[in-house]
Amino acid sequence: MEIYHIPVLPNETIKLLNIKEGSVVVDCTVGEGGHSALILRIIGNSGFLIGIDKDTDALKKANERLSSISKNFVLVHGNFANIKEILAEKNIKEVDAALADLGLSSLQLQFGERGFSFMNEGPLDMRMDKSKGITAYAIVNGFDESNLSDIFYFYGEERRARAIASAIVRYRKTKKIETTTELANIVGKIYGGKRGRINPATKVFQALRIAVNGELEDLKKFLSDIPDVLITSGRVGVISYHSLEDRLVKNAFRSDPRLKRINKKVIRPEADEIERNRRSRSAKLRVAEKI
Ligand SMILES: C[S@@+](CC[C@H](N)C(=O)[O-])C[C@H]1O[C@@H](n2cnc3c(N)ncnc32)[C@H](O)[C@@H]1O
């Protein structure tokens, strides 16, 4: 049996995005098609789904999963920062709802070869789109100490950013840092090998992933462009997994005169969802409507 990524906050997302039979929906982070599968079942034969992802492995898996449900969808390899161009290319002027479920899919974390996980040994890659961009290897082995420190501090909110950057620069004088576990061990040593509930490398890995994929720049562009492709009273929902992303979403939904917030208080998973799906534990959903 195939194991697929379990969608986070599924019922809340569908309900607040007001997805109904006949809706035209863009899933900007289709991933393994968890949310999209639910959406396809609801929109039925009169609706249409456009699924976007940067990751071609995810798109392959989504295609298998969604094809068994309906034909009313198209998948696009692309970046949601280019949402306007992607929809225009598909001759879609406006959509009823848009979803962005940020972060990584289970598929990306599961296999060491993608380099996202400090738990699984693999090359330091971390690119969601394997066809372009700088790798984590190039950053870790090539950036100077102050740049590395800034990345860890600003994108990881890592309080030992300087010490970690300095340890990396010292280490690479003797040998390049090749793998995820090698990097995790260097960070672990800064924390004196103490293992708490959270792996000490968590923030450094988050920071590198954000830098490699330009995640915050893409999200800002998406938030500024999405109102232009929503129908009046169309809705946009974003599920974020760390405070840097959530802050951008919160501020955009609060200050954009084209949008009205549907939930003023952020929506988080209930305890039973967190128990069933640990990945959901840090999720925050915000939804806004075009006015
Ligand atoms: C958390 S997963 C989505 C899971 C999906 N909702 C599901 O239920 O199966 C996030 C996905 O977003 C993709 N992604 C992240 N940033 C992106 C961007 N700027 N443009 C397009 N896809 C992106 C990742 O490659 C990943 O597959």
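A polar contact is a pair of N or O atoms within 3.5 Å. In this predicted model, local features need pLDDT of at least 70, side-chain atom pairs count only at pLDDT 80 or more, and totals for chains, interfaces and linings use all residues. Residues are numbered from 1 along each chain as its sequence is written, and side-chain values use heavy atoms, with hydrogens and water left out.

From a side chain, a polar atom of Asp101 lies 2.8 Å from a ligand nitrogen. The protein buries 98% of the 610 Å² that the ligand exposes when taken alone, with accessible areas from the Shrake-Rupley method and a 1.4 Å probe.

Around the ligand stand 25 residues, the closest being Gly34, His35, Asp53, Asp101 and Gln108, where a residue counts if one of its heavy atoms lies within 4 Å. By class, this shell has seven nonpolar, 11 polar and seven charged residues, with Gly counted among the polar ones.

The chain is divided into domain 1 (10-107 + 216-290) and domain 2 (114-213), by an automatic or database assignment. Their centres, taken over C-alpha atoms, are separated by 29 Å. The contact between them, meaning heavy atoms within 4.5 Å, takes 14 residues from domain 1 and 13 residues from domain 2.

Terms used. Polar contact = N/O pair within 3.5 Å; in protein donor to acceptor, adjacent residues only side chain to side chain.
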